Amino acid sequence: MVAYFVSFLILGLSICWAEWTMGRYGGRLGFNSAPGILHAITRHPVGRYLGVLGVLIPVSIYMYYVYVEAWCLGYAVNFLAGNMRFESVEEAGAFWAGFIGLAENGTAFRWGISQVAPYLVFVFVLNFVLIYRGIAKGIEWFCKFAMPTLVILAVVVLLRVLTLGAPDPAQPELNVHNGLGFMWNPSKTVLQERIELPDGSEGWRDLRELVRPGVIEATRAEIADNPELRIERVSIWTQLGNPQLWLAAAGQIFFSLSVGFGVIITYASYLGPRDDIVLSGLAATSANEFCEVALGGLITIPAAFAFLGLAGVAGGTFALGFNILPMVFAAMPLGDFFGFLFFFLLFLAAVTSSLSMLQPGIAYLEEVMAIGRKRSAALLGLITALGCGFIVYFSEDLKAMDTIDFWVGTFLIFCLATVQVTLFGWVLGIDKGMREAARGAAFAIPRIYRPIIKYLCPLFLFTIFVMWTLEQVFGVNLTAGTREVPGYVKDLFGDEPNLVARLSVMLVVTLAAFLAILAARAPKYSEPIREPEDAP
Amino acid sequence: MTAGGWLIMILSVGAVTALLAWCIYKVMSLPDEVDRLHGFEIETPDEREEPDRSPKP
C-alpha cells in the first residue's frame with residue numbers, strides 16, 4: 001500500500017491534472033480529440049500521431065469492456081432468476097466459465113439465460129442507441145441516484161464479508177482475518193527455492209507467501225532437511241526495493257483513475273475557461289480511491305482468501321469478483337435480491353464508463369473526417385462491433401481479451417501517460433500549464449507539484465516503464481536476475497506462436513494504422529492554430 | 001493480521017476517506033462550485049447540435 005499511495009501522489013494526481021489542463025487548453029484552441037489537442041500543444045505533426053494513442057486505447061478497451069459489462073447484466077438477471085445459489089466456489093467458477101464461453105472458441109455465442117450472448121447484444125445495442133440518439137443524459141441523471149446506492153450496497157456487502165469468519169469449518173485458517181493480513185501486513189513470510197543465476201552464481205526465487213502461523217511452522221518442519229528451500233521474512237523495506245511492486249502499483253493507479261486512457265483529455269476539452277479543473281480532478285480521483293481502497297479491495301481480496309485460500313488470490317484476475325461475490329451473496333439473507341441489485345448497479349456504472357470510452361473516438365472522427373456526431377457514432381459502432389465480435393468469438397481462456405488487455409490496457413497506457421506528462425511539463429511548459437490549471441479553480445495545484453510534474457513524474461514513469469519492459473517484454477526477473485521469455489511475447493514470437501494472440505495484435509495494429517492515416521489526411525490539422533485571447 | 005497490518009489498513013482507509021470527505025466539503029461549501037465542477041458528462045456539446053460539417057459543393 002505504501003507503493004500504491006506514493007504512486008497515487010506522484011503519478012495519479014500529476015497525470016490527472018496534466019490531462020485535465022491540456023484537454024481544456026486544447027478545447028479552447030478548437031480541438032476535442034487527443035490527436036488534435038496534442039497537435040495543438042506541440043505545433044508539430046508528431047503530436048497528432050502520439051495523440052492517436054488517446055483514441056486507440058479507449059476504442060480498443062471498449063471492445064472488451066462491453067463483454068465484461070454483459071457479464072454484469074447477465075449475473076444480475078441470473079440472480080433474479082435464482083440461478084446463482086452455489087454450494088461451492090467450484091460451482092460458481094463453473095457457471096462463470098460456461099457463461100462466458102471459457103472452454104472453447106465460439107461457445108460464447110450460444111443463446112440462453114445463462115449464456116453471455118443475449119446480454120452482449122443488448123448491451124452493445126444499448127450503448128449505441130444511447131450515444132446515437134443523444135438520450136444518454138437520462139442515464140446520467142439516473143446514475144446520480146444509482147451510484148450512491150451502489151456505494152451503500154457495497155458497504156453492506158463489506159460488512160457481510162468482514163463478518164464471514166471462516167466459511168469452511170474444516171479449514172479454519174482460511175478466514176477473513178488472515179485475508180486482511182495477506183493484504184495489509186507490512187512484513188511477509190515467503191518460501192524460496194535455490195536457483196542458479198545466468199552468471200553461474202546462486203540465488204533464491206520466491207515460490208509462495210506463507211501467511212498463517214500454523215502453515216509457517218508446518219512448512220518449516222517440512223523443509224528442514226531440504227537445503228534447496230528456505231523460509232525468509234521479507235521486511236517492508238525489502239519489498240519497497242522490489243521493482244515488481246512498483247510496476248503493479250503504478251499499473252493499478254493508471255487503470256483505477258483512468259489516467260493515460262485518452263478519456264479525461266477529451267472530456268476536459270468541452271469545459272469552459274472558468275470551470276474548476278483542479279477540484280474536479282481531485283474529487284474524481286479521491287472518489288475512485290475511496291471505492292477502490294475502502295470498498296473494492298476490502299471486499300474482494302479478503303473474501304477471495306476466505307473462499308479460495310492464498311493460491312486463489314495470488315492467481316486472481318479481475319474475474320475473481322465474478323467467482324467470489326456469488327459465494328458472499330449466498331451467505332447473506334436475501335442474497336438473490338442483493339446480488340441482483342449489486343450487479344445491476346455495477347452494470348449501470350459500467351454503461352456510463354463504456355459511453356465515456358466511445359467519446360474520444362467519436363470526437364476524433366468528427367474532427368478528422370468533418371462529419372456530424374451521428375455518422376461518427378455509426379462508423380465507430382461498425383468498427384467496435386467487428387472488434388468486439390472478434391474478442392468474444394475467441395473466448396477460449398479469454399485469449400483475445402487478455403492479449404489486447406496486456407498490450408493496450410497496460411503497455412500503451414504507460415506510453416500515453418508518459419507522453420502526456422512530458423508534454424505538459426516540457427512542451428506546454430510548467431508555468432503556462434499551472435496558470436491554465438489555476439483558471440477558475442477554487443485553489444491552485446500545490447507548488448510542490450511543479451518539480452514533481454516536470455522532473456519526478458517523467459523520471460518515475462520512465463524508470464517504471466524501462467523496468468516493466470525488461471520484465472514483461474524481455475522476461476528479465478529484476479529480483480532474481482534470471483531471464484525467461486514471458487508468455488505474451490512467446491505467443492507472438494515464440495517457436496509455437498499463438499494464432500489468436502497474433503490476430504489480436506494485428507487487429508490493434510490495423511486500427512492504429514487506420515487512425516494514423518486519418519490523422520495524416522485531416523484538413524483541420526493543417527490549419528493555423530491561434531492562441532485564445534485570454535491564454536495564460 | 002499483525003498490529004502493523006491494522007495500522008497500515010487504518011491509515012490507508014482513513015486517508016482516502018478523509019480526502020474524499022474534504023473534497024465533498026469543499027464542493028458543498030464554496031459558492032457556485034457545484035456549477036463549475038465537472039466529470040465525464042455524457043452529454044457533450046456535439047450532441048446538442050448536429051452540425052453539417054461536410055464540405056460544401
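Predicted model: local features only at pLDDT ≥ 70, side-chain atom pairs only at ≥ 80, totals over all residues.

User: Is A:R43 buried or exposed?

Analyst: The test is a count of other C-beta atoms, placed from the backbone, within 10 Å: 20 or more means buried, 12 or fewer exposed, and anything in between partly exposed. A:R43 counts as exposed because it has 10 other C-beta atoms within 10 Å. Helix α2(A), in contrast, is mostly covered, with eight of its nine residues buried. Among the buried residues of α2(A) are A:P35, A:G36, A:I37 and A:L38.

User: What is the phi of A:L398, and where is A:L398 found?

Analyst: A:L398, a residue other than glycine, has a positive phi near 50 degrees. A:L398 is placed in the loop between α17 (373-393) and α18 of chain A. A:L398 is buried because 20 other C-beta atoms lie within 10 Å.

User: How is the packing of two helices described?

Analyst: Two packed helices are described by the angle between their axes and the distance between the axes. The axes are lines fitted to C-alpha atoms, for helices over the stretch in contact, and the angle between N-to-C directions runs from 0 to 180 degrees. In chain A, helix α1 (residues 2-28) and helix α19 (residues 449-473) have axes that come within 10 Å and cross at roughly 115 degrees. That angle is why α1(A) is roughly perpendicular to α19(A); the classes are roughly parallel under 35 degrees, roughly antiparallel over 145, roughly perpendicular from 65 to 115, and oblique for the rest.

User: Which residues of α1(A) make the contact with α19(A)?

Analyst: A:I10, A:L11, A:S14 and A:A18 of α1(A) make the contact, and residues of α19(A) including A:Y449, A:I452 and A:F460 meet them. Two residues are in contact if their C-beta atoms, placed from the backbone, lie within 7 Å.

User: At what angle do α1(A) and α18(A) pack?

Analyst: Helix α18 (residues 399-438) of chain A packs against α1(A) at an angle of about 70 degrees, and their axes are 9 Å apart. The two helices are therefore roughly perpendicular to each other. On the α1(A) side, the contact includes A:W17, A:E19 and A:Y25; on the α18(A) side, it includes A:F424, A:L428 and A:E436.

User: Where is A:I445 found, and which residues does A:I445 touch?

Analyst: A:I445 belongs to the loop between α18 and α19 of chain A. Not counting residues up to four places away in sequence, A:I445 touches A:W17, A:V278, A:M434 and A:A437. A:I445 is buried because it has 23 C-beta neighbours inside 10 Å. The C-alpha atoms of A:I445 and A:L13 are separated by 9.9 Å, although the two residues are 432 residues apart along the chain.

User: In which helix is the place of A:P360?

Analyst: A:P360 is part of helix α16 (residues 335-369) of chain A. Its 30 C-beta neighbours inside 10 Å are why A:P360 counts as buried. A:P360 and A:G54 are 306 residues apart in sequence, yet 7.4 Å apart in space, C-alpha to C-alpha. Leaving aside neighbours within four places in sequence, the contacts of A:P360 include A:S33, A:A34, A:G54 and A:T266.

User: What pattern does chain B follow along the sequence?

Analyst: Chain B follows the pattern α-α-α, with three helices and zero strands. Of the 57 residues in chain B, 21% are buried.

Terms used:
Residues numbered from 1 in each chain as written. Chains lettered and ligands numbered in written order. Helix = DSSP H or I, 4+ residues; strand = E, 2+ residues; numbered from the N terminus.
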